[in-house]
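Keep the viewer open as you read.

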Amino acid sequence: MKFIKYAALSAGIALIATACGNGADDAANGNDEAPDEITVWRLGPPDDAHNEFMAQVGEEFEEQHGVAVDVEWVPWPDVDTKFQAAAAGGEGPDVTEIGNTQVVTWANQGVLADITDKVAEWDEGQEIPENLWENETIDDQTFAVPWLGGVRAVVYRADWFDELDIDVPTNWDELLDAAQTISENKDASGFEINGGSDAMHALAPFIWGNDGEIVVEDGDEWVSELDSPASREAVEWYTDLVTEHGVAPESAVTRDSVEISRLFANDQVGMFVDGAWAKSVITDANEDLDEEAISSFTLPARNGNSAPQFAGGNDLAVWADSEHHDLAFEYIQLLASKEKVTEYAPIAGLLPTYPELLADDEYLEDDWMGPFAAAMPLGKAYAVNENWVQVEDTVVQEMLRNIIRGEKSVEEATAEAAEQMDETLNR
Amino acid sequence: MTRTIKPSTEPRGGASTPSPGSRDSTAKRARRYRLTSRLTPYLLLGPTLVIIAGLLLYPLYRMAVMSTQDVGLREVRGEPAESVGLDNFSEILTSDTFWQALRNTFAFAAVAVALTLVLGTLVGLLIHRLGRVMSTTVIISAMLAWAMPHMSVATVWRWLFDENGGVANWVLNRMPDWLTGTLLGRTDWSGYTWFLDPLPLYFVLTLAVVWQSFPFIAVSVLAGLKSIPAELFEAARVDGAGAWRSFWNVTFPLLKPVFAVLLVLSIIWDFKVFTQLHVLAGGIGNPDVFNLSLYAYAEAFRSPPRMGLGSAIAIVLTAILMVITVAYVRQIVRQEDLR
């Protein structure tokens with residue numbers, strides 16, 4: 001009896017010991033040995049066109065390298081949770097898509113691999129312009145590759161514009177006139193504002209379009225400019241749409257662009273700020289809206305010209321815990337190659353990062369993509385700081401909510417938001 | 001004490017009635033027997049204790065340690081965490097969000113616990129009086145509400161109170177203006193948003209939570225009621241007691257232990273309600289409507305995570321719950337002793 005017990009015990013210990021040993025060996029030798037498969041995380045809700053494209057790229061990669069590609073989709077709202085769980089457990093993909101403002105956050109947490117040397121050796125990648133690497137570079141180290149760009153423009157009901165004889169606005173006064181005409185005639189929001197998770201991106205072009213700034217770098221510190229006179233004026237104009245002119249409802253402060261897109265599809269909104277991907281959300285919700293009904297124009301600055309837009313983007317990064325960094329970067333090179341980007345950008349409703357492709361008439365002449373493509377060179381970034389995401393998630397929303405619900409004046413709310421921003425960024 | 005009643009214990013002890021020759025070995029065996037019998041309970045408890053320690057005590061210990069550290073993802077991934085002493089706690093105590101969350105937590109728990117207990121007890125009393133078919137129907141309907149996943153319940157309530165398509169605003173709009181105007185100070189309900197300010201949001205949350213938790217109270221009270229002999233109620237009736245007096249003079253005193261347990265459980269549940277609030281508030285974007293659980297979660301799991309701060313909030317929540325429960329249970333035990 002006793003013997004059996006001891007035998008079982010030592011067998012158990014031996015098993016545990018070998019299990020640990022194996023793990024260590026794998027990590028050390030992983031890069032030499034090609035795996036059967038690499039895992040790629042894509043963000044967002046997939047549809048058939050996306051899946052088809054990803055499958056085709058996967059096949060091509062398998063032909064080149066003999067390694068299969070497993071693609072998993074992570075919905076945008078779950079990204080943080082999924083990344084955290086994967087990082088904490090040491091289990092993650094080999095390649096992941098990532099929002100460009102989130103790169104600094106996850107790179108600072110040690111989740112993304114430093115790919116500076118690999119990027120330097122990638123010929124095609126040298127054509128991506130310098131200013132698009134701003135979000136991806138931290139202390140001269142590169143952690144992600146800009147893959148596709150997303151700027152915003154105004155999405156509007158072209159059929160209503162025709163019917164009510166409205167011209168495409170070229171400054172803010174005309175924008176307000178157009179919004180009021182729609183509200184009066186259509187029982188809908190003339191211009192819907194955004195107070196949801198992506199509120200910052202809808203508000204930012206108004207602040208920049210009034211020559212204001214959101215945040216500037218001052219030495220080691222980031223300083224919010226939300227309480228500067230130019231920014232305040234823009235915030236006031238924006239919130240007046242609800243409080244003064246009633247061209248958007250008070251409840252708009254809870255809705256993000258996806259919800260607004262659905263309202264738009266249901267004839268409840270005439271104009272709103274969003275990216276080119278909005279079209280598929282809208283037509284999914286209402287198949288009757290066709291080319292004639294939905295169109296876009298570049299948001300004007302207060303007194304004409306185009307307002308700068310947030311240079312949003314979808315990046316590709318190598319997961320630090322991956323055991324196959326080289327292979328992962330090979331895959332990124334394929335997915336971010338000019339050939340694949342040309343094919344995929346129209347499917348994704350995003351824009352290529354290669355100037356050569358962007359200059360192509362296919363984008364600029366296109367009724368729908370043209371205004372987005374025109375705004376791309378005016379792209380601006382926020383603070384490249386690991387706490388920025390937190391600002392993006394809460395600070396502006398609270399400010400808009402307080403102003404629109406009449407709880408605080410524009411002065412108080414912007415001052416408070418600026419203070420919160422400073423505190424969060426320089427923590 | 002035992003020595004004085006020696007005669008009665010004497011025949012039992014093996015060692016006290018020695019048999020010649022085997023005296024030593026018998027004593028040894030007896031000692032070993034006594035040792036094993038004293039150890040047996042601990043051996044039987046052992047596995048359970050190990051599991052509890054592993055799954056409960058160790059995480060609690062880790063949480064306590066983390067509450068004094070600065071913990072982000074890097075630290076979770078194995079880098080040593082920097083100790084910050086009591087900084088996390090002082091940061092919480094000086095933050096407006098904490099005090100707002102504390103107010104929300106207490107106010108919600110007080111209202112929700114009271115409503116749940118009252119409603120649950122009333123339904124329990126009702127079922128007790130019903131015939132077999134009806135009582136079964138009511139029990140099953142109530143249990144269905146109880147068995148629903150929190151997530152689904154909260155989502156359905158969110159839809160009911162949706163600003164555009166929700167049935168709540170539709171009904172309120174159809175009610176006479178003078179009524180809604182005087183009662184609620186608002187006559188136009190189209191587009192009214194319930195989930196922005198703490199008060200309307202917690203109103204919906206209370207509905208959702210009470211709706212789902214009263215069945216458990218009702219069934220527990222019913223089980224208690226079944227154990228009270230019918231003669232007691234009969235006697236009370238003969239003495240001229242109505243339903244009200246017979247409840248307070250017969251049912252309540254007899255079921256006091258049941259109510260005590262239900263109260264403590266309800267307090268614990270409602271203090272740390274999380275899922276429903278997370279759904280109704282639409283995530284962690286609006287700090288005004290946090291309760292302590294959502295606040296702890298928001299700090300610990302937002303991006304970038306601050307798990308030290310989150311742990312500190314969780315510790316505070318645990319401490320508050322401990323104080324309330326311990327104080328309450330002690331009071332109950334004392335009252336029991338007096339009787």
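Chain B of this predicted model has a mean pLDDT of 86, and 92% of its residues reach 70 or more; pLDDT is the predictor's confidence in each residue, from 0 to 100. Over residues 1-18 of chain B, pLDDT stays under 50, and the model has seven contacts there beyond four places in sequence (a contact means C-beta atoms, placed from the backbone, within 7 Å). Where pLDDT is low, the predicted coordinates should not be read in detail. The model as a whole scores ipTM 0.70 and pTM 0.76.

A word on conventions: residues are numbered from 1 along each chain as its sequence is written, while chains are lettered from A and ligands numbered from 1 in the order in which they are written. In this predicted model, local features need pLDDT of at least 70 and side-chain atom pairs count only at pLDDT 80 or more, whereas totals for chains, interfaces and linings use all residues.

Now for chain A:

| Property of chain A | Value |
|---|---|
| C-alpha box along the principal axes | roughly 90 × 45 × 45 Å |
| Contacts at least 24 apart, among those at least 6 apart in sequence | 76% |

Chain A also has an open sheet of three strands, ordered S10-S7-S11, with antiparallel pairing. Strands are DSSP runs (E, at least two residues), numbered from the N terminus, and two of them pair if DSSP finds at least two bridges between them. Strands S10 (271-275) and S11 (294-297) of chain A stand at the edges with a single partner strand each, so one side of each lacks a neighbour in the sheet. Five bridges join S7 (residues 152-157) of chain A to S10(A), and Tyr156(A) stands opposite Met271(A) in S10(A).

Key. Helices (H or I, at least four residues) and strands (E, at least two) are DSSP runs, numbered from the N terminus. Two residues are in contact if their C-beta atoms, placed from the backbone, lie within 7 Å.
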